[in-house]
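I opened my notebook for a quick look at a new model. Here is the entry I started from.

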Amino acid sequence: MLFFFSLTIEILQLLSCYLGNMGRAFDIDDILLNTLGAFIGITLYTLYTNKINPKHKPEYEKEEAT
């Protein structure tokens, strides 16, 4: 999902170059680095919520009291 979001942004930048906007450029490195950065961010957040601070879990992960 993260890859496709980054790919969409890069495709929009490529299309904008054809429409006359020369400020941005399509670059495969941007796709790879954005995907890697998002993966690292999600991994760090998951480690934080599960290992370091288990009380700080999102609402959908909390068990319901019955």
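**Ground rules.** I am working with a predicted model, where local features need pLDDT of at least 70, side-chain atom pairs count only at pLDDT 80 or more, and totals for chains, interfaces and linings use all residues. Residues are numbered from 1 along each chain as its sequence is written, and side-chain values use heavy atoms, with hydrogens and water left out.

**Whole chain.** I found two helices and zero strands (DSSP runs numbered from the N terminus: H or I of at least four residues for helices, E of at least two for strands). Of the 66 residues, 11% count as buried, meaning under 20% relative accessible area; exposed is over 50% and partly exposed lies in between (1.4 Å probe, protein chains only).

**Helix pair.** I looked up how α1 and α2 cross: their axes come within 9 Å, at roughly 145 degrees. Axes here are lines fitted to C-alpha atoms, for helices over the stretch in contact, with angles from 0 to 180 degrees between N-to-C directions. On the α1 side, the contact (heavy atoms within 4.5 Å) includes Leu2, Phe3 and Ser6. Among its α2 members are Ile31, Ala38 and Phe39.

**Loop.** Phe26 sits between α1 (2-18) and α2 (28-52), and I noted it as partly exposed because its relative accessibility is 36%. Asp27 is in the loop between α1 and α2 too, and it counts as partly exposed because its value is 31%. Asp27 and Gln13 are 14 residues apart in sequence, yet 9.3 Å apart in space, C-alpha to C-alpha.
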